[in-house]
Amino acid sequence: MTLIELIWTITPAVILILIAFPSFKLLYLMDEVMDPSLVIYGEGLLGGLILYMLNIIKNAICNEKNIIVYNIIQVQKTNQISRFVIKKNKFLLNTRSFHTKVKASKRIGPHNEDILSLLIGSLLGDAYGNRISGEGTRFLYRQSIIHKDYLFWLYDFFYIRGYCSNLKPRKYTRILISGSKKKEHYGYEFNTFTFRSFDWIYDMFYKKGKKIINPKLENYITPLALAVWIMDDGGWANYGVRISTYNFNLQEVEFLVSLLKKLYDLDCTMQILKNGTQSSIYIQKKSVPKLIKIVLPYIHNSMYYKLGF
């Protein structure tokens, strides 16, 4: 074999090895995805362009609206890997490793409909937001120890989608003092990662640090959001479901009552407390079967009692 023939034989093999080397990392990352229908990888600017194209074609290949994308034009130049998974006809952005390796100010989403629904429902309920100047917004979750299973369900919901760390919810202790008596309360809490693309959600729910009800909520109270709201603040009462809305003023609660009627045809009344400034929403007995049909698929089994089960 001549030298030229040897070069012709070896050179293509060397080129193939050089091409394959950068792909090894992607091959290992593929092991983290459970039974996807399709996985698309992109790096840096390419990842942002892929996301933009997926947003354009999603309505052509899906039978329903499966994802809400925000800030897709704000492409970050980064060496981190962006991975997009299409599974069961739904778009799921799997960015667990990505979110843990970038600065909060560079986490820009996008966020699918399930994430937005859970955030909206829990902000109507017990969750609260924390705006960090120059970085973005995170959301904090806290439940008493009797609702530990529900709190861990919330944590798992965010964790498997890459929205919080692998540190399990932490236990907390609160001491309430009433006169000379002290009483300890225990529970668990965790918070999401900070995202710059969460700022618009914070702005929709907060004004000067106080929770408010924004008319834009009409676009975001999905069945999942309604279920989370009930799991947070709902309760079974006189064959109906009462939702505590003490943080909102009477006009805001009236709006929520009209919204439940408009979106889901639920007959509700507003029950004003003795102080005259706080109220709750009562979903009447005749609307309970309709409510159950809407939210039961999303209710955690530890919360069935809030629907009378």
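1. Of the contacts in the protein chain with a separation of 6 or more, 67% are between residues 24 or more positions apart. This is a predicted model, and every remark below should be read with that in mind. The protein chain has ten helices and 15 strands, and 44% of its 309 residues are buried. Its accessible surface comes to about 17,400 Å², and carbon and sulfur atoms hold 57% of that area.

2. The largest nonpolar core has 60 residues, and within this core Tyr141 and Leu226 are the residues with the most contacts. When residues up to four places away in sequence are not counted, leucine 226 touches Ile221, Leu260, Tyr264, Leu266, Leu291, Ile294 and Val295.

3. Helix H6, which runs over residues 148-159, has twelve residues, and the distance from its first C-alpha to its last is 16 Å, close to the 16 Å expected at 1.5 Å a residue. Its buried residues include Tyr150, Leu151, Leu154, Tyr155, Phe157 and Phe158. Why do they lie on the same side of H6? They cover an arc of only 160 degrees around the axis, and therefore share one side of the helix.

4. Glutamate 189 deserves a separate look, and it is found in strand E9. Is this glutamate buried or exposed? Glutamate 189 has a relative accessible area of 14%, and it counts as buried because that value is under 20%. Its side chain makes a polar contact with the side chain of arginine 142, at 2.6 Å. Leaving aside neighbours within four places in sequence, glutamate 189 is in contact with Tyr141, Arg142, Leu151, Pro169, Arg170 and Tyr172. Two of these names have come up already: Leu151 is among the buried residues of H6, and Tyr141 is one of the residues with the most contacts inside the largest nonpolar core.

5. Isoleucine 201 lies in helix H7, which covers residues 199-205, and its relative accessibility of 0% means that it counts as buried. Which residues does isoleucine 201 touch, not counting those up to four places away in sequence? They are Leu116, Leu119, Ile120, Leu123 and Phe139. The C-alpha atom of isoleucine 201 is also separated by 8.6 Å from that of threonine 137, although the two residues are 64 residues apart along the chain.

6. Two backbone angles may be worth checking. Lysine 208 has a phi near 55 degrees, a positive value in a residue other than glycine, and this lysine sits in the loop between strand E10 (206-207) and strand E11 (210-211). With a relative accessibility of 84%, lysine 208 counts as exposed.

7. Asparagine 238 lies in the loop that joins strand E12 (234-237) and strand E13 (240-244), and its relative accessible area of 62% makes it exposed.

Note on methods. Residues are numbered from 1 along each chain as its sequence is written. This is a predicted model: local features need pLDDT of at least 70, side-chain atom pairs count only at pLDDT 80 or more; totals for chains, interfaces and linings use all residues. Side-chain values use heavy atoms; hydrogens and water are left out. Helices (H or I, at least four residues) and strands (E, at least two) are DSSP runs, numbered from the N terminus. The expected span of a helix is 1.5 Å times one less than its number of residues. Buried means under 20% relative accessible area, exposed over 50%, partly exposed in between (1.4 Å probe, protein chains only). The arc is that of the directions from the helix axis to the C-beta atoms. A nonpolar core is a set of buried Ala, Val, Leu, Ile, Met, Phe, Trp, Tyr and Cys residues joined through side-chain atoms within 4.5 Å. Contact means heavy atoms within 4.5 Å. A polar contact is a pair of N or O atoms within 3.5 Å; within protein, one must be able to donate a hydrogen and the other to accept it, and residues adjacent in sequence count only if both atoms are side-chain atoms. Accessible areas come from the Shrake-Rupley method with a 1.4 Å probe; for residues, only the protein chains shown count as cover.
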